[in-house]
Structure formats: C-alpha cells, structure tokens
Amino acid sequence: MADAPSSSFSAGAVVGTTLREHVLFSMHAAPGATGEFTSLINHLSLAIRIINSRVRAAGLANLLGYTGEINVQGEAVQKLDVFSNDVLLNVLERSGHCAVIASEELDELKFSNRDGKYVVLFDPLDGSSNIDTNVGIGTIFSVLRRRSTGAASQDDALRPGTEIVAAGYVLYGPATVFVLSTGNGVHCFTLDPDVGEFFLSQGNVRCPLRGNGYSVNEGNFSRWDPRVQAWNTWIKADDQATQRPYGHRYVGSLVADAHRVLLKGGIFVYPADSKSPTGKLRLLYEANPMAFLFEQAGGMATDGVNRILDIVPSAVHQRVPLAIGSSEDVIAYRRFLTQA
Ligand code: AHM
C-alpha cells in the first residue's frame, strides 16, 4: 500500500489525512483499481455523516422511541433504526456499485444494481435499545466483491467472512469514530463536526496481545453452559500470578463494547445461552465485520471454539456465539469451552 500523506500544509495550518484521501491512496496501489471501491467507501461515509447528524439531534428531532413495528428479528423497531436503514439503502443504491445489499432490518436481500461489483451487508444502528438513554450506538458493515456474473443471487451474500474485502464500524459516542479496514490494518478516523470530514486519528491500531478487562452480559449467567460459567468465575477470581481478576465493562452496544476491547485489549463475549441457543448476534451484520477488524488488528474472533471468518453462512439472519478480543484472552476462553 502506498503511503498516504500524513498531512498537507496551507498557510501555516496542518491538515490531517481525510478518510477519502486514505482510501484513495491505499487503492492507488491496488492493481487494476477502477475507483469504484473508493467511490463506494465515500458513499458509505456520506450515509454515515447523514445518520450521525440525526443521531446527534435525536432528542430534538422527535426521533427517539419506537415506531410500533416489529422487525424480522422479532424486536421493536425504533425510529432511528428505520431512518438509518433508509439512508444507507438510498445512498448505496444511488452509488450504482452494489449488486446486493443486505441489512439487519430487512427481511429479504435487496438486489440493487445489476452491474454493481460489490455486496454490502450492514447493521444500520446497532445497540438500538440504548438509543433512549443516550448511550453509544453504532453502524457496522462489510463489503464483499460480487462473485456471480449473471443475475445476482442469495449466494452472493451467503459467503464466509474470509471473502470480506473491507469492513468497518462507526461509533456514535462522545465523538463519532469510523474504524475501517480494507485489508491493510485497522485505521480510526474521527469526524470533525464543523468541517464534516473524517480525519485519521489513529493509524494501524493493534489490539494488545492480552488485556485486563472482560465484557459480557453477566445477567445471563444462569442461562449459560457450565463451561462459560466456569470461565466467568475464573476471570473474576483473585490470582496475582495471572493478573486476575479482570475488570468488567459492559454497555450493551456491541460497537461501544468492542471498540474498548480493540483499543485496550481484553475480551468481549456474547455466548449461546438457554434463551438464545445459537447466540444473539448476527453472523453477517455483526460477528463477521468485527471478526475481520479484530484479525486485521492482530486480535482473534471465534464462536468460542471455531474461527468466525471460516463459518459458511446458511441464512442471512443467522446468529452465532461471539468471542472477540486479545488473542491470549480469546484462547483462554476457548480452553474453557473445549473442556470435556
Ligand atoms: P440490536 O441489534 O437490537 O441492537 O442488538 C444487538 C445488541 C448488541 O449491540 C449488543 O452487544 C447486544 O445486543 C446486547 O444484548 P443484551 O442486551 O442481551 O446484553
């Protein structure tokens, strides 16, 4: 990958690298690049900035609260979810680059532009149960190159995460941060709200080999498999030699919880339980993009035992148990899950 300029100078001011420049420079080095991928990421960035503007004004704009509808997952749909989904669909369709679009909020795949080279899968507003309480929420996406040549089909979307060419998430927290990987490491861009641009704020993020925190909904303890319970008891136990207990942090927004683990290390786990026997999080919209990002940052992502990116999906709304984070912490979790 060519080096993007770290800054440009004008009249004494130092201007950081924009997301747009970063993608453009990384794609220049790609053989046969046509500019379509760069344009696709720019369209995603536009949709994100529009969503961000509404998220920031949600309390003022009467967008909080439920629409009264139930989505395909059987959950109450909130107004900001609907808005975010519509914006992403609209912007991506108009880009002309997408043959297939899949959203956590849609029952069916959307077959968009028949000449589109890409497949985009997204969760438009993750952590939506936190909207009403002004807690960090996010957007998660992944991009695959279309495989079919004739009419696009479901098979273009039902592919393992190993085929992802780019993935990212956006955290609408105190600042709006866009975390992106196009297969060359993980880079964070922070939105300057006055300028309306994302600027590189942390390049080449590495997830520490090991952390000192764990993130899990412990309210589900009684529903877990005894092996998950054993891990949970172990990670909270006092043992100086292995620097336990770990600290516990859990927001209940995957993007917020995962972002902390990506930067600080440790582990995020959403295991299967007796209420959600195959896990709660969705493979295509949540687990796969996060797994791609964590691996790109040197971390790991498993369903407890197997690598997430190797799972061949059988349904677009498939759920999967998820364990992501520092490799030593994910391996320690796996040791418990593979115990007889
Ligand atoms: P959502 O798609 O309804 O927002 O649910 C996904 C969210 C994740 O962001 C989060 O990790 C998880 O659900 C929290 O679940 P729980 O409330 O069961 O802890």
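Colleague: How do the residues of the shell around the ligand divide into nonpolar, polar and charged?

Modeller: This is a predicted model. In it, the shell around the ligand has 5 nonpolar, 5 polar and 6 charged residues.

Colleague: Which residues are the closest to the ligand?

Modeller: Of the 16 residues that surround the ligand, the closest are Asp-126, Gly-127, Tyr-250, Leu-254 and Tyr-270.

Colleague: What does the backbone of Leu-254 do there?

Modeller: One of its backbone N or O atoms lies 2.7 Å from an oxygen atom of the ligand. Ser-128 also places a polar backbone atom 3.0 Å from a ligand oxygen.

Colleague: And where is the side chain of Lys-280?

Modeller: An N or O atom in the Lys-280 side chain is 2.9 Å from an oxygen atom of the ligand. On its own, the ligand has 460 Å² of accessible area, and the protein covers 85% of that.

Colleague: Why does the ligand lie between the two domains?

Modeller: Because domain 1 (8-202) and domain 2 (213-337) both contribute residues to its shell.

Colleague: What lines the largest cavity?

Modeller: Its lining includes Leu-121, Ser-142, Leu-144, Arg-159, Ile-164, Leu-284 and Asn-288. Strand 8 (137-145) and helix 6 (283-296) are the elements that each give two or more residues to this lining.

Colleague: And the lining by class?

Modeller: There are 6 nonpolar, 3 polar and 1 charged residues in the lining of the largest cavity.

Methods. Residues are numbered from 1 along each chain as its sequence is written. This is a predicted model: local features need pLDDT of at least 70, side-chain atom pairs count only at pLDDT 80 or more; totals for chains, interfaces and linings use all residues. Side-chain values use heavy atoms; hydrogens and water are left out. A residue is near a molecule or strand if one of its heavy atoms lies within 4 Å of it. A polar contact is a pair of N or O atoms within 3.5 Å; within protein, one must be able to donate a hydrogen and the other to accept it, and residues adjacent in sequence count only if both atoms are side-chain atoms. Accessible areas come from the Shrake-Rupley method with a 1.4 Å probe; for residues, only the protein chains shown count as cover. Ala, Val, Leu, Ile, Met, Phe, Trp, Tyr, Cys and Pro count as nonpolar, Asp, Glu, Lys and Arg as charged, and the others, Gly among them, as polar. Domain bounds come from an automatic or database domain assignment. On a 1 Å grid over the protein atoms alone, a cavity is a set of points where a 1.4 Å probe fits but cannot get out, and a pocket is an open set with protein on both sides within 12 Å along at least five of seven lines; lining residues have an atom within 4 Å of a point. Helices (H or I, at least four residues) and strands (E, at least two) are DSSP runs, numbered from the N terminus.
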